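This report walks through one protein model, moving from a helix to the sheet and then to the core and the loops. Please keep the sequence and the 3D view open while reading.

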Amino acid sequence: MTALLADAKSVTIADAYLCDDQTARLKPNARRFFGLLPKHRLTLFCTRLQQAAVTEIKQISSNWKVKPDTQYLHLHDRYVRIDNKMEVVITSGIDYLFDTTKECTLLVRTLPH
């Protein structure tokens, strides 16, 4: 995943379960995922994040702009769209990427221009 994201200028992250329901802060594995992103200037489009999570993300890299995303609001799977050129479908969610006891499948596809 790190190699796919290395040169990204914009990344859309669609996963409604990135945050803890009680605190609205990023779950530990979501924080690990944001740690995979390049630290250069980057625009992040995220679905359903409250301000506490946005603040947390901006603390990871001050070069990032975080904006709301609306194109993935009503979809079941979780998605990472890179520069509107490539899409990674994460069938079990970002939270499972780092959990070796859970199943997680990544489907990578290029997007039509």
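## Helix α2 and its surroundings

The buried residues of α2 pack against β1, β2, α3, β3 and β4, where buried means under 20% relative accessible area, exposed over 50% and partly exposed in between, with a 1.4 Å probe and protein chains only. Helices (H or I, at least four residues) and strands (E, at least two) are DSSP runs, numbered from the N terminus, and contact means heavy atoms within 4.5 Å. The model is a predicted one, in which local features need pLDDT of at least 70 and side-chain atom pairs count only at pLDDT 80 or more, while totals for chains, interfaces and linings use all residues. Residues are numbered from 1 along each chain as its sequence is written, and side-chain values use heavy atoms, with hydrogens and water left out.

The buried residues of α2 are Asn 29, Ala 30, Phe 33 and Phe 34. They cover an arc of only 145 degrees around the axis, which puts them on the same side of α2; the arc is that of the directions from the helix axis to the C-beta atoms.

## Helix α3

Helix α3 spans residues 51-60, and its buried residues are Ala 53, Val 54, Glu 56 and Ile 57. Seen down the axis of α3, these residues fall within an arc of 160 degrees, so they line one face of the helix. The face turned away from this buried side carries the exposed residues Gln 51 and Gln 59. What covers the buried residues of α3 includes α2 (28-36), β2 (42-46) and β3 (64-68).

## The sheet

In what order do the six strands of the open sheet lie? The order is β3-β2-β1-β4-β5-β6, and the pairing is mixed; two strands pair if DSSP finds at least two bridges between them. β3 and β6 stand at the edges, each with a single partner strand, so one side of each is left without a neighbour in the sheet. From one strand to the next, the twist averages 15 degrees.

β2 and β3 pair in the parallel sense over five bridges, and Phe 45 stands opposite Lys 67 in β3. Helix α3 packs on the sheet, touching β2 and β3, and its direction makes about 155 degrees with that of β3. For such angles, axes are lines fitted to C-alpha atoms, for helices over the stretch in contact, and the angles run from 0 to 180 degrees between N-to-C directions.

## The nonpolar core

In soluble globular proteins, nonpolar side chains tend to be buried together. A nonpolar core is a set of buried Ala, Val, Leu, Ile, Met, Phe, Trp, Tyr and Cys residues joined through side-chain atoms within 4.5 Å. The largest such core here has 25 residues, of which Val 11, Ile 13, Leu 18, Phe 34, Leu 37, Leu 44 and Val 80 touch the most other members. At least two residues of this core come from each of β1 (10-14), α2, β2, α3, β3, β4 (78-82) and β5 (86-90).

## Rings of Phe, Tyr and Trp (its six-membered ring) pair if their centres lie within 6.5 Å; planes under 30 degrees apart count as stacked, over 60 as edge-to-face and the rest as tilted. The rings of Phe 33 and Phe 34 have their centres 5.8 Å apart and their planes at 75 degrees, so this pair is edge-to-face. In the pair of Tyr 72 and Tyr 79, the centres are 4.8 Å apart and the planes at 25 degrees, so the pair is stacked. Both Phe 33 and Phe 34 are buried, and so are Tyr 72 and Tyr 79.

## Loops and an edge strand

Arg 48, in the loop between β2 and α3, has a phi near 50 degrees, a positive value in a residue other than glycine. Asn 84, in the loop between β4 and β5, also has a positive phi, of about 55 degrees, although it is not a glycine. Asn 84 is partly exposed, with a relative accessible area of 46%.
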